[in-house]
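Let's take a walk through a protein model together, one step at a time. Have a look at the picture, and then follow the text along the chain.

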Amino acid sequence: MKKYLIQFRPFLIFMGTFFTAYIILTVVYKFYLNSFKADEVDGITNFVGQNVEQLLQVFNYNVSIQKNGSNSWLDVLFNKQYIVRIIEGCNAVSVIILFISFVLAFSGKLKVTLLYILSGIIFIYLLNIIRIALLTILLFHFPEKNHLLHGVLFPLIIYGTVFILWIIWVNKFSKYAK
(Lines give C-alpha, C1' and ligand atoms only; values in the text may rest on other atoms or scores of the structure.)
Protein backbone atom coordinates (compact mmCIF):
# COMPACT_ATOMS: atom_id res chain seq x y z
CA MET A 1 0.00 0.00 0.00
CA LYS A 2 2.79 2.40 0.93
CA LYS A 3 4.43 1.70 -2.44
CA TYR A 4 1.28 2.83 -4.26
CA LEU A 5 0.91 5.94 -2.11
CA ILE A 6 4.46 6.92 -2.99
CA GLN A 7 3.99 6.03 -6.66
CA PHE A 8 0.75 8.01 -7.02
CA ARG A 9 1.68 10.82 -4.63
CA PRO A 10 1.69 13.61 -7.29
CA PHE A 11 -1.73 12.51 -8.54
CA LEU A 12 -3.16 12.26 -5.03
CA ILE A 13 -1.80 15.70 -4.12
CA PHE A 14 -3.30 17.14 -7.31
CA MET A 15 -6.70 15.55 -6.62
CA GLY A 16 -6.68 16.55 -2.95
CA THR A 17 -5.71 20.15 -3.70
CA PHE A 18 -8.13 20.45 -6.61
CA PHE A 19 -11.14 19.11 -4.70
CA THR A 20 -10.30 21.02 -1.51
CA ALA A 21 -10.02 24.31 -3.41
CA TYR A 22 -13.13 23.53 -5.46
CA ILE A 23 -15.24 22.66 -2.42
CA ILE A 24 -14.06 25.67 -0.38
CA LEU A 25 -14.64 28.14 -3.24
CA THR A 26 -18.03 26.60 -4.05
CA VAL A 27 -19.15 26.78 -0.42
CA VAL A 28 -18.03 30.42 -0.15
CA TYR A 29 -19.91 31.22 -3.36
CA LYS A 30 -23.04 29.43 -2.11
CA PHE A 31 -22.91 31.48 1.13
CA TYR A 32 -22.68 34.59 -1.03
CA LEU A 33 -25.69 33.50 -3.11
CA ASN A 34 -27.68 32.62 0.00
CA SER A 35 -27.31 36.22 1.19
CA PHE A 36 -29.82 37.23 -1.50
CA LYS A 37 -33.55 36.66 -1.42
CA ALA A 38 -35.03 34.07 -3.78
CA ASP A 39 -36.39 36.74 -6.14
CA GLU A 40 -33.23 38.93 -6.11
CA VAL A 41 -30.44 38.95 -8.67
CA ASP A 42 -27.03 38.58 -7.06
CA GLY A 43 -24.50 41.39 -7.43
CA ILE A 44 -22.12 39.52 -9.75
CA THR A 45 -24.90 38.63 -12.18
CA ASN A 46 -26.13 42.24 -12.06
CA PHE A 47 -22.63 43.45 -12.86
CA VAL A 48 -22.39 40.99 -15.77
CA GLY A 49 -25.72 42.30 -17.09
CA GLN A 50 -24.54 45.92 -16.83
CA ASN A 51 -21.31 45.08 -18.67
CA VAL A 52 -23.15 43.23 -21.45
CA GLU A 53 -25.49 46.19 -21.86
CA GLN A 54 -22.56 48.64 -21.95
CA LEU A 55 -20.68 46.55 -24.50
CA LEU A 56 -23.66 46.31 -26.84
CA GLN A 57 -24.39 50.01 -26.48
CA VAL A 58 -20.80 50.85 -27.44
CA PHE A 59 -21.65 49.28 -30.81
CA ASN A 60 -24.89 51.27 -30.97
CA TYR A 61 -27.21 48.33 -30.41
CA ASN A 62 -30.62 49.09 -28.95
CA VAL A 63 -30.38 46.96 -25.83
CA SER A 64 -31.91 47.09 -22.39
CA ILE A 65 -31.15 44.70 -19.59
CA GLN A 66 -33.51 44.77 -16.63
CA LYS A 67 -34.44 42.64 -13.68
CA ASN A 68 -37.35 40.34 -14.32
CA GLY A 69 -40.25 41.48 -12.15
CA SER A 70 -40.74 38.46 -9.93
CA ASN A 71 -37.77 36.23 -10.70
CA SER A 72 -34.05 36.18 -9.95
CA TRP A 73 -32.77 36.87 -13.44
CA LEU A 74 -32.22 39.67 -15.91
CA ASP A 75 -34.23 40.02 -19.10
CA VAL A 76 -32.30 41.10 -22.19
CA LEU A 77 -34.33 43.22 -24.60
CA PHE A 78 -32.72 43.68 -27.99
CA ASN A 79 -34.47 46.14 -30.33
CA LYS A 80 -37.26 46.16 -27.72
CA GLN A 81 -37.73 42.41 -28.16
CA TYR A 82 -37.09 39.89 -25.37
CA ILE A 83 -34.22 37.68 -26.51
CA VAL A 84 -32.62 35.91 -23.54
CA ARG A 85 -32.31 36.01 -19.80
CA ILE A 86 -29.14 36.20 -17.76
CA ILE A 87 -29.34 33.88 -14.78
CA GLU A 88 -26.83 33.32 -11.98
CA GLY A 89 -25.26 30.46 -13.96
CA CYS A 90 -24.40 32.88 -16.78
CA ASN A 91 -22.00 34.94 -14.68
CA ALA A 92 -19.07 32.51 -15.21
CA VAL A 93 -18.31 32.17 -11.49
CA SER A 94 -18.57 28.37 -11.61
CA VAL A 95 -16.14 28.31 -14.56
CA ILE A 96 -13.79 30.64 -12.69
CA ILE A 97 -13.94 28.39 -9.60
CA LEU A 98 -13.02 25.41 -11.79
CA PHE A 99 -10.15 27.38 -13.35
CA ILE A 100 -8.77 28.51 -9.97
CA SER A 101 -9.00 25.02 -8.47
CA PHE A 102 -7.01 23.49 -11.32
CA VAL A 103 -4.30 26.17 -11.25
CA LEU A 104 -3.94 25.79 -7.47
CA ALA A 105 -3.68 22.01 -7.85
CA PHE A 106 -0.75 22.52 -10.24
CA SER A 107 0.57 25.55 -8.38
CA GLY A 108 3.94 27.05 -9.08
CA LYS A 109 5.65 29.96 -7.39
CA LEU A 110 3.20 31.94 -5.26
CA LYS A 111 3.51 35.25 -7.12
CA VAL A 112 3.24 33.62 -10.56
CA THR A 113 0.30 31.48 -9.43
CA LEU A 114 -1.60 34.46 -8.04
CA LEU A 115 -0.88 36.60 -11.13
CA TYR A 116 -2.01 33.80 -13.46
CA ILE A 117 -5.19 33.26 -11.44
CA LEU A 118 -5.98 36.99 -11.44
CA SER A 119 -5.25 37.31 -15.16
CA GLY A 120 -7.32 34.21 -15.88
CA ILE A 121 -10.29 35.51 -13.86
CA ILE A 122 -10.24 38.80 -15.77
CA PHE A 123 -9.86 37.04 -19.12
CA ILE A 124 -12.68 34.55 -18.43
CA TYR A 125 -14.95 37.33 -17.16
CA LEU A 126 -14.35 39.48 -20.26
CA LEU A 127 -14.78 36.48 -22.56
CA ASN A 128 -18.07 35.73 -20.83
CA ILE A 129 -19.31 39.31 -21.37
CA ILE A 130 -18.45 39.04 -25.06
CA ARG A 131 -20.06 35.58 -25.19
CA ILE A 132 -23.37 36.84 -23.79
CA ALA A 133 -23.35 39.91 -26.06
CA LEU A 134 -22.68 37.82 -29.17
CA LEU A 135 -25.25 35.26 -28.12
CA THR A 136 -27.84 38.02 -27.77
CA ILE A 137 -27.12 39.38 -31.25
CA LEU A 138 -27.06 35.95 -32.87
CA LEU A 139 -30.27 34.80 -31.16
CA PHE A 140 -32.01 37.96 -32.34
CA HIS A 141 -31.10 37.12 -35.94
CA PHE A 142 -31.23 33.31 -35.70
CA PRO A 143 -33.68 32.32 -32.93
CA GLU A 144 -34.09 28.87 -34.44
CA LYS A 145 -30.38 28.18 -33.70
CA ASN A 146 -30.85 28.56 -29.92
CA HIS A 147 -29.78 25.01 -29.07
CA LEU A 148 -26.70 25.11 -31.30
CA LEU A 149 -25.59 28.55 -30.09
CA HIS A 150 -26.48 28.41 -26.39
CA GLY A 151 -26.17 24.69 -25.80
CA VAL A 152 -23.16 23.77 -27.94
CA LEU A 153 -21.08 26.55 -29.51
CA PHE A 154 -20.80 29.06 -26.68
CA PRO A 155 -20.15 26.52 -23.90
CA LEU A 156 -17.51 24.99 -26.17
CA ILE A 157 -15.87 28.39 -26.53
CA ILE A 158 -15.75 29.18 -22.81
CA TYR A 159 -14.76 25.69 -21.62
CA GLY A 160 -12.34 25.28 -24.52
CA THR A 161 -10.67 28.55 -23.58
CA VAL A 162 -10.34 27.46 -19.95
CA PHE A 163 -8.83 24.18 -21.12
CA ILE A 164 -6.27 26.10 -23.20
CA LEU A 165 -5.47 28.31 -20.19
CA TRP A 166 -4.87 25.14 -18.15
CA ILE A 167 -2.56 23.72 -20.83
CA ILE A 168 -0.59 26.98 -20.89
CA TRP A 169 -0.39 26.98 -17.09
CA VAL A 170 0.87 23.42 -16.80
CA ASN A 171 3.38 23.74 -19.64
CA LYS A 172 4.73 27.24 -18.95
CA PHE A 173 4.24 28.24 -15.31
CA SER A 174 3.41 25.35 -12.98
CA LYS A 175 5.98 23.49 -10.93
CA TYR A 176 5.80 20.76 -13.60
CA ALA A 177 6.71 23.10 -16.49
CA LYS A 178 9.85 22.19 -18.36
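A hairpin connects S1 to S2 by way of six residues. The names come from a simple rule: helices (H or I, at least four residues) and strands (E, at least two) are DSSP runs, numbered from the N terminus. Before we go on, please note that this is a predicted model, in which local features need pLDDT of at least 70 and side-chain atom pairs count only at pLDDT 80 or more, while totals for chains, interfaces and linings use all residues. Residues are numbered from 1 along each chain as its sequence is written, and side-chain values use heavy atoms, with hydrogens and water left out.

Now for the overview. The chain has six helices and three strands, and from the N terminus on they follow the order α-α-α-β-β-β-α-α-α. Along its principal axes, the C-alpha trace spans about 65 × 35 × 30 Å.

Let's return to the strands. Strands of a sheet pair through backbone hydrogen bonds, either parallel or antiparallel. Here, two strands count as paired if DSSP finds at least two bridges between them. S1 (residues 63–67) and S2 (residues 74–78) are antiparallel partners over five bridges, and in this pairing Lys67 stands opposite Leu74 of S2. S2 and S3 also pair in the antiparallel sense over five bridges. Here Asp75 stands opposite Arg85 in S3, and the bridge partner of Leu74 in S3 is Ile86. S2 and S3 form a hairpin too, with two residues between them, and Asn79 in the turn has a positive phi of about 55°.

Put together, the three strands make an open, antiparallel sheet in the order S1-S2-S3. Which strands stand at the edges? They are S1 and S3 (81–86), each with a single partner strand, so one side of each has no neighbour in the sheet. On average, neighbouring strands of this sheet are turned by 25° against each other, direction ignored. Angles such as those below run from 0 to 180 degrees between N-to-C directions, and axes are lines fitted to C-alpha atoms, for helices over the stretch in contact.

Two helices pack on this sheet. Helix H3 (residues 43–58) touches S1, S2 and S3, and its direction makes about 170° with that of S1. H5 touches S2 and S3, and its direction makes about 145° with that of S3. Touching, or contact, means heavy atoms within 4.5 Å.

Next, see how helices pack on each other. Two packed helices are described by the angle between their axes and the distance between the axes. Angles under 35 degrees count as roughly parallel, over 145 as roughly antiparallel, 65 to 115 as roughly perpendicular and the rest as oblique. A crossing is left-handed if the near helix is turned anticlockwise from the far one by less than a right angle, and right-handed if clockwise.

Start with H2 and H4, whose axes are 8 Å apart at an angle of about 150°. H2 is therefore roughly antiparallel to H4, and the crossing is right-handed. Among the residues in contact are Phe18 and Tyr22 of H2 and Ile97 and Phe102 of H4. This contact divides into 13 nonpolar, three polar and no charged residues. In this sorting, Ala, Val, Leu, Ile, Met, Phe, Trp, Tyr, Cys and Pro count as nonpolar, Asp, Glu, Lys and Arg as charged, and the others, Gly among them, as polar.

H4 packs against H5 as well, at about 160° with the axes 10 Å apart. These two are therefore roughly antiparallel, and their crossing is right-handed. Residues that meet here include Phe99 in H4 and Tyr116 in H5.

Finally, the axes of H5 (residues 110–141) and H6 (residues 146–173) come within 11 Å and cross at roughly 165°. That makes H5 roughly antiparallel to H6. Their contact includes Leu127 and Arg131 of H5 and Ile158 and Trp169 of H6. By class, it has 18 nonpolar, five polar and one charged residues.
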